[in-house]
Amino acid sequence: MIVSRLETGKIRELKAACGCLFSEAAAENESFLDSLDVDMVKRAYRRNARVHHPDMNRDTVVKDVTSDRFLAIKRSYEVLVNYLEGLKPATDVALSRGKIIAIGGAKGGIGKSIIAANLGIYLASLGLKTVLVDLDLGGSNLHLYLGYRFLLRNSINDFLKKRVGSLSDVMVETPHGPILIGGDSSELGSANIDFMKKVKLIKAINAIEADCVLLDLGGDVSYNILDFFLQADHGIVVTTRDSAAYIGAYHFLKAAIYRKLNRLTGVEARSAGGRKDIALEKYIHDATMSESGSKTINELIDSVRDECPQYLAAIMKAVWEFNPYLVVNRVPQGVRPEEVAGKIQTVAKKWLARDVRLLGSIGRHVDVERSAIDLVPAITRNQRGSFAAEIAAIGDRLVTGK
Ligand SMILES: Nc1ncnc2c1ncn2[C@@H]1O[C@H](COP(=O)(O)OP(=O)(O)OP(=O)(O)O)[C@@H](O)[C@H]1O
Ligand SMILES: [Mg+2]
């Protein structure tokens with residue numbers, strides 16, 4: 001599947017080229033361009049050139065007319081071939097920071113899974129080997145958004161419960177491009193994974209051989225979800241313009257950075273070969289989780305600088321390496337996503353000392369609502385629609401880092 005985002009001017013140019021090389025009816029047929037390939041264009045060019053090449057006519061008047069016509073045919077050929085060549089998956093595409101992308105947000109129903117599914121389809125269309133992982137262990141539904149009405153034969157539970165040996169045993173090829181590791185929340189206890197299982201799962205996810213691994217997270221700030229999020233190279237926090245969603249998004253960011261700091265000395269650090277440091281552990285715990293209220297990150301850094309400078313470098317590193325993105329979803333017409341993001345960015349700057357970048361925004365689309373009912377991914381159904389363009393813009397920024 002190839003997703004393309006075209007401006008109106010470009011579409012007009014392509015249609016005119018189809019009209020010239022094929023027919024006016026072909027130019028007006030929306031799906032004709034999608035069905036076109038380079039061979040068809042070459043054959044049409046040869047067919048037209050045989051009739052309209054200036055050398056085919058001796059009469060100079062006719063020669064002039066055919067010469068104009070021939071130039072138009074040649075130009076149409078170039079326009080269409082350049083377009084089709086440009087659609088070929090680029091094999092050297094790679095994500096800017098690293099392969100793992102996590103999609104979180106401290107609220108249900110804000111579009112995390114919809115974005116994960118469609119972004120995965122877009123990234124796969126760029127030629128990236130993309131694996132989608134349903135890590136909403138208590139509310140798995142990513143498979144639905146990829147067209148699977150029924151439970152998958154195998155799920156991530158089989159890996160966690162040791163019924164299979166590896167995550168690759170539960171991978172399913174989807175018809176839309178990405179590979180899926182689906183979940184099954186109908187199994188009792190599927191959401192309650194203990195520490196060892198979480199560590200095993202994170203290790204296995206890191207080892208997935210792919211260009212891109214997208215994690216669809218559940219909508220809360222439990223330690224497991226925060227740890228999956230912190231594991232990623234690109235953390236995306238989704239919000240909508242609703243107060244509950246953007247307040248939840250900020251809470252998610254705060255919980256994630258505090259969790260990151262606590263993990264500097266917590267059991268995760270020790271299991272990864274780090275050393276227990278009781279003084280540092282107590283210091284971070286008091287600063288981030290004390291009954292009397294937590295400090296801002298800048299206050300924490302200032303007090304570490306004054307009271308225990310030996311920890312400063314480690315704490316600064318953990319803070320500066322926390323660079324999540326925001327995506328504002330389901331933006332109604334007339335609402336500026338920057339305004340919604342701005343509310344989170346202002347508080348995050350003040351309390352967390354981080355500039356949280358707005359990675360992109362997605363409007364409210366009937367297509368998307370429909371896709372949640374008939375289970376045809378919106379990006380697949382309408383490759384040239386505005387939802388596809390918004391998802392592509394987000395994917396392109398992840399690839400380029402710009
Ligand atoms: N851009 C959008 N336009 C219109 N509807 C949307 C959009 N994004 C999401 N939705 C709707 O919101 C519903 C919830 O989306 P989704 O399941 O992706 O949320 P979620 O954040 O993953 O929720 P949960 O945490 O419960 O898994 C979908 O059924 C879909 O209809
Ligand atoms: Mg979801």
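**View 1. Ala287 sits in helix 13 of the predicted model**. Helix 13 covers residues 278–289. Helices are DSSP runs of H or I with at least four residues, strands are E runs of at least two, and both are numbered from the N terminus. Ala287 is buried because 21 other C-beta atoms lie within 10 Å. Buried means 20 or more such atoms within 10 Å, exposed 12 or fewer, and partly exposed in between, with C-beta atoms placed from the backbone. Ile373 is 86 residues from Ala287 in sequence. In space the two C-alpha atoms are 46 Å apart.

**View 2. The shell around ligand 1 holds 19 residues**. A residue counts as near if its C-beta atom, placed from the backbone, lies within 6 Å. Gly108, Gly111, Ser113, Gly219 and Ala372 come nearest. Helix 6 (112–125), strand 7 (325–331) and helix 17 (366–374) each give at least two shell residues. By class, five residues are nonpolar, nine polar and five charged. Here Ala, Val, Leu, Ile, Met, Phe, Trp, Tyr, Cys and Pro are nonpolar, Asp, Glu, Lys and Arg charged, and the others, including Gly, polar.

**View 3. Two domains are assigned**. Domain 1 runs over 8–87 and domain 2 over 100–400. The bounds come from an automatic or database assignment. Their C-alpha centres lie 47 Å apart.

**Notes.** Residues are numbered from 1 along each chain as its sequence is written, chains are lettered from A, and ligands are numbered from 1 in the order written. The model is predicted: local features need pLDDT of at least 70, side-chain atom pairs count only at pLDDT 80 or more, and totals for chains, interfaces and linings use all residues.
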